[in-house]
Amino acid sequence: MANQPTVKIKLVRSPIGCKQDHRATVRGLGLRKLNSESVLEDTPAVRGMINKISYLVKVL
């Protein structure tokens, strides 16, 4: 598992005022406060979640 490719994301926009499911996606990716970062496995499911809230996050 150490060889798994990873993706690092950062929350750059507040989910306040966004749809409830978009807020849930932010939490599901492990992001809490503004500018918080999370390192996740690069899987199609994670890519889909990032794509869904692409206007809130930045891929580093």
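This is a predicted model: local features need pLDDT of at least 70, side-chain atom pairs count only at pLDDT 80 or more; totals for chains, interfaces and linings use all residues.
**Exercise 1. The setting of Thr25**

Task: Decide whether Thr25 is buried or exposed, and find what surrounds this residue.

Solution: 
1. Thr25 sits in helix 1, which covers residues 20-28.
2. Check accessibility. The relative accessibility of Thr25 is 8%. Buried means under 20%. Thr25 therefore counts as buried.
3. Look for a polar partner of the side chain. A polar atom of the Thr25 side chain lies 2.8 Å from the backbone oxygen of Asp21. The cut-off for a polar contact is 3.5 Å.
4. List the contacts, leaving aside neighbours within four places in sequence. Thr25 then touches Met49, Lys52 and Ile53.

**Exercise 2. The fold as a whole**

Task: Work out the order of the elements in the protein, and ask how its radius of gyration fits a compact globule.

Solution: 
1. Count the elements. The protein has two helices and three strands.
2. The order is β-α-β-α-β.
3. For 60 residues, a compact globule would have a radius of gyration near 10 Å.
4. Compare. The protein has 11 Å, which agrees.
5. Along the principal axes, the C-alpha atoms fill roughly 40 × 20 × 15 Å.
6. Turn to burial. Of the 60 residues, 30% are buried.
7. Examine sequence separation. Take contacts between residues at least 6 apart in sequence; 71% of them join residues at least 24 apart.
8. Finish with the surface. The accessible area is about 4,200 Å², with 52% belonging to carbon and sulfur atoms.

How values were computed
Residues are numbered from 1 along each chain as its sequence is written. Side-chain values use heavy atoms; hydrogens and water are left out. Helices (H or I, at least four residues) and strands (E, at least two) are DSSP runs, numbered from the N terminus. Buried means under 20% relative accessible area, exposed over 50%, partly exposed in between (1.4 Å probe, protein chains only). A polar contact is a pair of N or O atoms within 3.5 Å; within protein, one must be able to donate a hydrogen and the other to accept it, and residues adjacent in sequence count only if both atoms are side-chain atoms. Contact means heavy atoms within 4.5 Å. The radius of gyration is taken over C-alpha atoms; the globule rule is 2.2 Å times the number of residues to the power 0.38. Accessible areas come from the Shrake-Rupley method with a 1.4 Å probe; for residues, only the protein chains shown count as cover.
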